[in-house]
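Reader: I would like to learn how to read aromatic pairs and sheets. Where do we start?

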Amino acid sequence: MLTHSTRRWLAGLGVAGAFIATSASPALAEGDPFKIIAQDILTTPDHGGFAYIYTEPNDFDKPHQFGHTTLDFDFSGISDFATLEMPGEGWEWACETSGQVVHCETDFAEDDTPWLGIQVFGKPNATPGQTGQLKLAMTSGGKTVKGASTVTVAESVDLQTVPEASVSGAPGTKVNMPTSVRNGSETVSQGAVLLVNGDYLVSYVGDYSNCQVIDGLGALCTFDEELKPGKSYQLSDKLPFQLDKDLRTNADLLTTGVWWTKDDWEIVSSDWPQDGEPGKGDKLRLVEQPEAKSLAKQTDPDQMNNYTEISVKVTGDNPADLGVKGATASGKKGDVVQVRTSVTNLGPALLEYQGRPAFRVKVPEGTTAVEVSSECQPYTSDEEWDQWNGNWGEPGAKEYGCQITESPKGFENWYEFSLRIDKVVPDASGAITAKLAGDPNKSNDTAKIVINPASAGGGNGAGQGGGDGGALPITGQSTGLIAGLGALLLTAGVGGYLVAKRRRTRFVA
């Protein structure tokens with residue numbers, strides 16, 4: 001079960017996931033306290049290839065403390081055919097160019113480690129097959145460690161797919177993922193790789209000999225067929241996925257189909273856990289188009305049109321009933337009181353992660369929210385509520401929209417607010433109100449939050465009854481998060497890689 005804060009954390013780690021997933025670990029020289037890991041780069045004339053640069057400690061039990069650190073990029077090995085571009089936005093390094101070396105310096109806080117993204121752009125006259133070494137040297141604590149990234153000019157291939165698609169099915173049934181690809185370039189693509197990944201509640205169940213399951217990520221299929229310029233291709237058969245039997249009717253899950261050239265995928269996936277067994281059935285195919293083969297490496301410089309967001313809509317008759325619990329508190333003017341509210345999934349279905357406010361909290365009259373649950377942000381409307389960039393935990397609002405964890409039947413999610421009493425108002429009432437499509441029982445969707453109740457039990461309202469007391473559980477974490485964290489990092493890493501590869505930056509050497 002993932003809270004919004006965990007998901008935001010994972011989204012931030014898309015960067016980390018990318019360089020974890022794509023690293024090729026160099027040999028560590030004896031006595032070096034750390035090693036530099038850099039992605040190799042494919043670029044094309046007038047387009048950029050992206051790479052992450054980061055470090056790993058020699059001794060994970062006693063990681064190196066970097067403090068003041070310098071990093072030198074020697075781009076003489078690629079200067080005939082490419083230019084080096086350093087990050088601009090959020091750049092914490094001070095860099096200057098001298099000859100064919102970019103020298104950068106910065107200071108790291110305790111336990112912070114270096115990582116950065118760079119881009120290499122092929123010059124207009126670059127030709128496929130040109131290659132060279134971008135050399136790196138990092139100095140910290142009197143130790144200098146070297147590394148390198150191999151930069152290659154590749155053929156430009158533009159794999160494209162439809163941006164959106166949808167399927168539907170009842171809990172426990174199979175759905176067939178709609179995915180197609182078009183070669184939008186003037187170059188024959190020598191095969192392609194398809195990764196269909198997304199929610200763990202939607203699992204690949206096919207048996208194709210050129211497809212395999214990547215644990216926690218979905219299906220990976222490799223195609224050897226050539227994709228002719230300007231032609232579109234469908235899969236030769238269905239790509240089946242199983243919906244979890246506990247899914248909630250009206251749930252809308254998101255999976256993603258992503259197409260890669262084989263050479264791009266080789267770089268992106270070099271250290272991914274690809275030990276899944278291929279199927280034993282027939283081969284899943286794309287329509288074959290005979291063309292003369294190219295021997296040059298191939299890259300897709302515009303990977304933002306390689307995605308299909310596939311909406312998986314759950315039908316059937318398996319609802320989730322949300323029941324809310326209100327709270328009461330008392331105090332005098334100027335006091336700060338705590339109220340603890342909760343939302344429980346009463347089942348029978350699993351409640352999936354909600355990308356919209358699953359419930360709202362109205363602050364009682366005469367009070368100000370001075371501390372707010374990190375799962376909540378000020379609410380004005382669903383349209384203005386932002387699950388990625390909202391002001392989570394911001395005090396002072398009159399109403400809050402809140403996210404709820406992915407919750408099995410019987411799981412209770414607690415939320416705590418600290419309210420300052422600005423004016424004593426007997427029976428000052430706020431409310432907690434759940435809002436879930438398909439909820440079969442509306443009678444327990446609202447409960448009161450009462451400050452200075454005139455009579456006992458004033459906070460029970462509707463719902464399950466209310467009140468404070470007991471330790472506040474940690475909202476939204478579970479052992480499932482720990483088990484699936486590595487896979488989620490890798491999934492996030494693909495997106496981080498693509499976003500960073502797309503981003504143009506400022507510092508050019």
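Author: With one residue. W93 is buried, at 8% relative accessible area (buried means under 20%, exposed over 50%, partly exposed in between; 1.4 Å probe, protein chains only). This is a predicted model: local features need pLDDT of at least 70, side-chain atom pairs count only at pLDDT 80 or more, and totals for chains, interfaces and linings use all residues. Residues are numbered from 1 along each chain as its sequence is written, and side-chain values use heavy atoms, with hydrogens and water left out.

Reader: How is a pair of aromatic rings described?

Author: By the distance of the centres and the angle of the planes. Rings of Phe, Tyr and Trp (its six-membered ring) pair if their centres lie within 6.5 Å; planes under 30 degrees apart are stacked, over 60 edge-to-face, the rest tilted. The count here is eleven aromatic pairs. W93 and F108 are edge-to-face, because their planes stand at 75 degrees, with centres 5.6 Å apart.

Reader: Is F108 buried or exposed?

Author: Buried, at 15% relative accessibility. Together, F34, F66, W93 and F108 form one aromatic cluster.

Reader: Which strands form the open sheet, and in what order?

Author: Strands are DSSP runs (E, at least two residues), numbered from the N terminus. Two strands pair if DSSP finds at least two bridges between them. Six strands run in the order β13-β24-β22-β16-β19-β18, with mixed pairing. β13 (164-169) and β18 (211-214) are at the edges with a single partner strand each, so one side of each has no neighbour in the sheet.

Reader: How many bridges join β16 to β22?

Author: Six, and the two strands run antiparallel. V193 has W260 in β22 as its bridge partner.

Methods: Helices (H or I, at least four residues) and strands (E, at least two) are DSSP runs, numbered from the N terminus.
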